[in-house]
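Biologist: Could you take a close look at one part of this model with me? I'm new to this, so please spell out the terms as you go.

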Amino acid sequence: MHSGKLAILLLILPVLAGSVSAAPAAEYFAGQDLHLSADEMTVYGGNGLADDRHVLLFEGDFRLSIGANDLSSEQAIVWIDTLRTVHQGVEQVDYNAKIYLKGNVSVTRGEGAKSTAMRQAVIEQGHSLVTSFKVTGEVYSKADVQYQARLRELKGTELYNEAISAADPVVLRPRIAEEAKIPGDVDPATVEDVDQHRMRDEMAVVDESADQVPAGEKSEAGQKQVQRETEPISDVYQYPIQIAAVGSEQPRIETSKLPSGMNIATIRGRFYMWQRSEDGEGLLEFQADNAVIFYSGENFSVAGDDASGDSLGSGRAEAVYVQGDIIMTEGPRTIRAEEVYYDFRFRRAIAVRAEMQQYDVDRGIPVYLRAAKLKKVTDNVFEAEDITLTTSEFYLPQVSMTASSLVLTDMTSVDERASREETESKYDAVLYDTRMKYKTATIFAWPKIRTDFERPDVPIRRASVGDSSDFGFSVETNWYLSKLLGIKEPEGVETDLAVDYYGQRGLGTGVAAEYERQDYYGWVSSYVIKDSGEDDLGRINSRENLEPESDWRGRFTARHRHYLPYDWQATVEVSYLSDKNFLESFYRDEFDNGKAQETLLYLKRLKENWAFSILNKVRINDWATETEELPTVEYHKLGESFWDHRLTYYSDTQVSRLKDRYSSDSSQQSPEQFYTFASTRHEVDAPLTVGQWQVVPFAAGTFGYEDQGGFIRNIDGTPGNREDTVWLGETGVRASTMLWNVDPTVKSEFWDLDGMRHIVQPHIEAAGYYDSDDVFEMRDYVNLGLSQRWQTHRGTEEFERTVNWMRLDLNATFLSETADDPVGPDKYIYNNPAVPVFARRRSVDFGLQRDMINADYSWRMSDVSTLLSDLSYDIDAGTVEQFDLGFVRYVYPDLSYYIGNRYLKRVTVDVPADDIFEEGSNSLIAAVTYNLNDRYTAVISQEYNFDYGHNVRSELTLIRRYHRLYYGFTFEIDESRDEQSVMFSVWPQGVDDLAIGSRDYVGITETIPQI
């Protein structure tokens, strides 16, 4: 499908060729609306009438208006068929309209009336008429009196029979007469006018210019189709051209014959020319000051001097040269140019000094393309010279991309291009001598770029310029690797090249790639740097000024998943890191939030309600402590019913061959040898319905085995006697229900309430355990929960929606035995009790350890204000272990802010070597975005910890808006890492892919997002 990133050039060239684009773009433009009115209107339905067809009868002073066309009559029958297409994920609705008018028929057409392609047949002059056309806008109808009736009431009436008989010849597709002839070949000829002679010569060698594309630059499809077409395209009907005046002044048309025998007609004065496209559905239109029309024989005729101006000439032409303030239009696409030569037979064209504007809906910006010359070489190969692409309407734009030439191949198949349905177009283009410019200054240049127009066409993906205390002055860049190399990427592949410079560290580079196909997808990342600096990972001495073991540092990570036959899937991961601090230093976000760095092969078969898997995991980073699995085999069965659905069975089984590998600097003396771990759990549920409650009693048994260290830890954390083989019995019950009440009388304009629905979901769960030994003991528990929702309606009647006005979730968990000391915030989450068996060998941290109450609350006060909070309360200690409270607000149109507090009681930082002892954490977090005026926006964020008495992080950003260009300046202090940094950013409006610097604030000045 055409996307917002699609090349604007491709939208121009089909206009020059007079062809219909493969995918409609009408949704980018306002269509022409159809207005219908009368004294009385009857809407008919039933009798098998399709949902997408409407039949209407108008009586008394009927009027029709579309574009510059106005029709009226005493009566009318209207048929309207709905046409639906989907483009870029957006549904486009058009209509085919056919109207029969009767009695005192009047037709008025104003200037530009031909822009709506109306086909009409006069049945009886002044008495009846039939017309049909396509409506690209909306249909509006009104009448003083309106009725509804069944279609059978209209059928059989005299008016309906007349309408059906008259309307039959007026079909929505052209009727081509059998005797219709196509003009023959154009004889070589010269024209006295120098510009005409030059452009005709260019058309004669246009195929040769296509052959001059450098070797290897044409796509395979382009190589097959860039060849000289010696015969005109004669497999489609060629409609005649029509000429009319523009304005009150009549243009002069003169005919003459060249020595070669070719006839020409010259037009002097502003004129309007149009021709239907091959399918008869669209129009190719010209407005210009002068023209020369080339035709053979008597195929073109000129009206006399006394012509009314509605039709000054018509016929089948072979080519036309137009000059002077040209406006060329096909459907929603319009191009302006100084000169155009158009060959109707071969559907080829040249436009000189052309400009086109296209509105990019996805990005919310206009896009302008200017070219010194545009050519259509063949039906799917195009060329352009001296191109400028920009979002600015000024002659000298602030930011633009230029190219000396372009060769573009439409890879869409002929059948797809001819289809009336929307298809996904595929393009392959090569741009030469490309330059990214700021006004007249070139900020980036590259000799050749190859693109498919699915992404921005410059090779740079992003850039960042700044200065920090840890890395010094820094320039970080990412590039589209395929565009740099001038090669075409395979479908579904995206490759990046990173080139970075850090003043205090050195020069680094790497390649990353993402790929996705129907049966597999994956990601690869590599990076290497000769590091001349030190790592600063925190503000305590033990994490500052860390000398790397080697100057050469880097990574290689690859992850691949493949979907195989018979419901199998394979996952392969490889992760090599040069040292333990590299990822945290250079890829901080991935270190904090990303998946673990592992090397493994994982096979899984998932079918219906069971899964089988084999995992092989090895260690390749000798500085890391990991457990190798060679292999681990698992089998899971979920929700298997038996005994006539009275019981439900679950099982989870794992068998592993393991080896504990210790880091090279570890003091661990245990031998690295293989050992076996096995566990299996089987559960049987008996679901029941008791009143309005769903009750599920259950019983389960768990077996565990480990032959190296065994199970060695008691429930209170003290060492126990080693047991290699353990088992655990379990019985319990789960129960839940739902209650609700609706009160439509709840109304409040202040709180934006329209009715209230209160939903209450209480739930209970309890379990008791029976262990074989203290080292496998688990705590009995009871969990009581209550989930509540208060819902209301918001929005206009047309866009009414249901929202959660308030949400409150409460959970209280009580244990048979609690840990002696508070352990911090803890939350009950139901999951499979077999999961912690592996951790239970060495630790007691496998589940809740203290009696806790947890609460989670949100209040959506309005569509622009929300209050959020959560709490964790230790019942045994009588203390709040965690509390969060935040408020977010948008104040139209200039202000949005967040203020919140985060409290954690059991946080202790004890570093005697640095004389640091801090207990607890109570932070205030605030962020404000404010539009100071039309040009400046300020963003301030702050986190301060009262318990530590320190700033955690401060940031100030000032954004300056210019015409379709933004500048940002960011100053940041991160006390948690003892780091200060300055960042300068630049980005074009709507094109965040081309941001230089931080992209955190791209688009923030467009509109402050609603909450």
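What joins the side chains of Glu943 and Ser923?

Modeller: A polar contact of 3.5 Å joins those two side chains, Glu943 and Ser923. By polar contact I mean a pair of N or O atoms within 3.5 Å; within protein, one must be able to donate a hydrogen and the other to accept it, and residues adjacent in sequence count only if both atoms are side-chain atoms.

Before going on, keep in mind that this is a predicted model: local features need pLDDT of at least 70, side-chain atom pairs count only at pLDDT 80 or more, and totals for chains, interfaces and linings use all residues. Residues are numbered from 1 along each chain as its sequence is written, and side-chain values use heavy atoms, with hydrogens and water left out.

Back to Glu943. Its side chain also makes a polar contact with the side chain of Arg902, at 2.9 Å. Leaving aside residues up to four places away in sequence, Glu943 touches Arg902, Ser923, Leu924, Ile925, Asn951, Val952 and Arg953, where a contact means heavy atoms within 4.5 Å. Ala926 is 17 residues away from Glu943 along the chain, yet their C-alpha atoms are separated by 6.6 Å.

Where does Glu943 sit? You'll find Glu943 in strand β49, which covers residues 936-945. Helices (H or I, at least four residues) and strands (E, at least two) are DSSP runs, numbered from the N terminus. Glu943 counts as buried because its relative accessibility is 16%; buried means under 20% relative accessible area, exposed over 50%, and partly exposed in between (1.4 Å probe, protein chains only).

Now zoom out to the whole chain. There are 10 helices and 52 strands in the chain, and 47% of its 1011 residues count as buried. If you take contacts between residues at least 6 apart in sequence, 58% of them join residues at least 24 apart.

Two strands pair if DSSP finds at least two bridges between them. A hairpin through 3 residues links β25 to β26, and Asp496 stands opposite Ala512 in β26. On to the next strand: β26 pairs with β27 (residues 520-530) in the antiparallel sense, over 7 bridges. Here Ala512 stands opposite Ser525 in β27, and a hairpin joins β26 to β27 through 3 residues.
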